[in-house]
Amino acid sequence: MEVRFNVTDDEFMERLQNALKVKTAAEVVKQALTLLNWVIGEVGRNRIILSSDLNGQNVHRLVMPALDRVKDADGVSAEEKAAASRPTANAR
């Protein structure tokens, strides 16, 4: 499959290429898709993605609305779970 898109910020792609020490924008995209594929797999196993400093402190969770739509092994997304846990307007 071939995917084409236009990045209007050349400096952005150059910074990514330099940070990853790769020669082409295509290599940056390949790395990004590899990471996204891993993230989707983890979310599908009901896991969350966190980052922290080197001491395991100052933890941040990756929040990406598209990931809320990833379905787990039971075929249920985080979006659907959240909706099911909200009280309805008729609840008393």
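Glutamate 14 sits in helix 1, which covers residues 10-20, where helices are DSSP runs of H or I with at least four residues, strands are runs of E with at least two, and both are numbered from the N terminus. This is a predicted model, in which local features need pLDDT of at least 70 and side-chain atom pairs count only at pLDDT 80 or more, while totals for chains, interfaces and linings use all residues. Residues are numbered from 1 along each chain as its sequence is written, and side-chain values use heavy atoms, with hydrogens and water left out.

Glutamate 14 counts as partly exposed because its relative accessibility is 46%; buried means under 20% relative accessible area, exposed means over 50%, and partly exposed lies in between, with a 1.4 Å probe and protein chains only. Together with Asp9, Asp10 and Glu11, Glu14 forms a negative surface patch, a patch being made of residues with over 30% relative accessible area and no salt bridge, with like charges joined within 9 Å and nonpolar side chains (Val, Leu, Ile, Met, Phe, Trp, Tyr) within 5 Å.

Let me turn to the overall fold. The protein has three helices and two strands, and from the N terminus on the order of these elements is α-α-β-β-α. The radius of gyration of the protein is 18 Å, whereas a compact globule of 92 residues would have one near 12 Å; the radius is taken over C-alpha atoms, and the globule rule is 2.2 Å times the number of residues to the power 0.38. Along the principal axes, the C-alpha atoms fill a box of roughly 60 × 40 × 25 Å, and buried residues make up 14% of the 92 residues.

Now to the charge pairs. Side chains of opposite charge can pair when their charged atoms come close. How many salt bridges does a search of the whole structure find? The search finds five, a salt bridge being a side-chain nitrogen of Lys or Arg within 4 Å of a carboxyl oxygen of Asp or Glu. One of them joins glutamate 2 and arginine 4 at 2.5 Å, N to O, and both of these residues are exposed.

Another links arginine 47 to glutamate 42 at 2.7 Å, N to O, and glutamate 42 counts as buried because its relative accessibility is 11%. Aspartate 72 pairs with lysine 81, their closest N and O atoms being 2.8 Å apart; aspartate 72 is buried, with a relative accessible area of 9%, whereas lysine 81 is partly exposed, at 35%. Finally, salt bridges that share partners join Glu42, Arg45 and Arg47 into one network.

Methods
Accessible areas come from the Shrake-Rupley method with a 1.4 Å probe; for residues, only the protein chains shown count as cover. Lys and Arg count as positive and Asp and Glu as negative; His and the chain ends are not counted. The place of a charge is taken as NZ of Lys, CZ of Arg, CG of Asp or CD of Glu.
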